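Dear colleague,

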Amino acid sequence: MCTSQIPAQYRPAETGPSGASTDSPTGRTRASESGGRSRKLQYPPAPEPLPFPVMDNHTHLDFRDGDVAVSATDAMDAAEAVGVGFAVQVGTDLESSRFTVNAVERDRRLLGAVAIHPNEAPVLAAEGTLEDALAEIEELARHPRIRGIGETGLDYFRTGEDGRERQEYSFRRHLDIARRLDLALQIHDRDAHDDVVKVLQSENPPERVVFHCFSGDAELARICNENGWFMSFSGTVTFKNAGDLREALSVADPSLVLTETDAPFLTPHPFRGQPNATYAVPYTVRFMAEHLGTDLEELCRRINANTRRAYGEWD
């Protein structure tokens, strides 16, 4: 079920940017077209509130999408109203990682993760600036409300073979930072399951590893079960062509299951392709409960406890 309206914070007629604030989106804006087709830029209606609060453990509040620039504070107000009381704001480069530190200082409902994205790492390496960037990421990660290093990992979809060695080098460097600072490691794994697992198993990974936007099959879920790695399910689990992903959810250890939006991307069915936001988490959680045949409140309580084990307390 959903209410009849888009949350007020996301309605152009009622809000819209009245001047940039320090927790407003940065210059990053998602493309208005996808695959040559124009996207619908209206946000989904607000879902029915969840019976127990959960966390969106991966969102990009610095990334503008849709017709309205929504501040981190306004985004969390909309999310809290539907039972998504907390979130992890994730950086993917220096600009967004600096934004993340600022956002977690301003809003106690946010924790943060900082990193250089796998697709960004080869570019910085070619420019000769990767080492400086990694040094700044480590300094930003020392903030007490930064609880994760991520997103980092391997992406074989957007980076070709010529950039994979530098991607892996950056991944290992991020892994080392997470281990030394005792932070969760947020994995970006796109078309690279085997090599991501090989890197993790060849190193001494940190105690808490999270496969952000889990995209594997049942076999990868079993590997995560064996290693105690968290699996974070996004709106992709609701997609009609995601049978393998639903199979993975079925075999995932319930104590390792998390949820996320990866907003503004991966909006759950039936709103796929529209802008995503942290307040949309309930669509995914309800789908997960129905698929698993689990009581909704029980699943919410489990996700809440799992997320706190991964990142610590928000208070």
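F214 is buried, with a relative accessible area of 1%, where buried means under 20%, exposed over 50% and partly exposed in between (1.4 Å probe, protein chains only). F233 is likewise buried, at 0%.

This is a predicted model, in which local features need pLDDT of at least 70 and side-chain atom pairs count only at pLDDT 80 or more, while totals for chains, interfaces and linings use all residues. Residues are numbered from 1 along each chain as its sequence is written, and side-chain values use heavy atoms, without hydrogens and water.

Rings of Phe, Tyr and Trp (its six-membered ring) are paired if their centres lie within 6.5 Å; planes under 30 degrees apart count as stacked, over 60 as edge-to-face and the rest as tilted. The count by this rule is eight aromatic pairs. One of them is the tilted pair of F214 and F233, at 5.5 Å centre to centre and 50° between the planes. F214 lies in the loop between β8 (209-211) and α7 (218-227), and F233, 19 residues away, in strand β9 (residues 230-233); helices (H or I, at least four residues) and strands (E, at least two) are DSSP runs numbered from the N terminus. F211, F214, W229 and F233 form one aromatic cluster.

With ring centres 5.1 Å apart and planes at 55°, F271 and Y283 also make a tilted pair. F271 is in the loop between β10 (257-259) and α9 (281-292) and Y283 in helix α9, so parts 12 residues apart in sequence are tied together. Both F271 and Y283 are buried.
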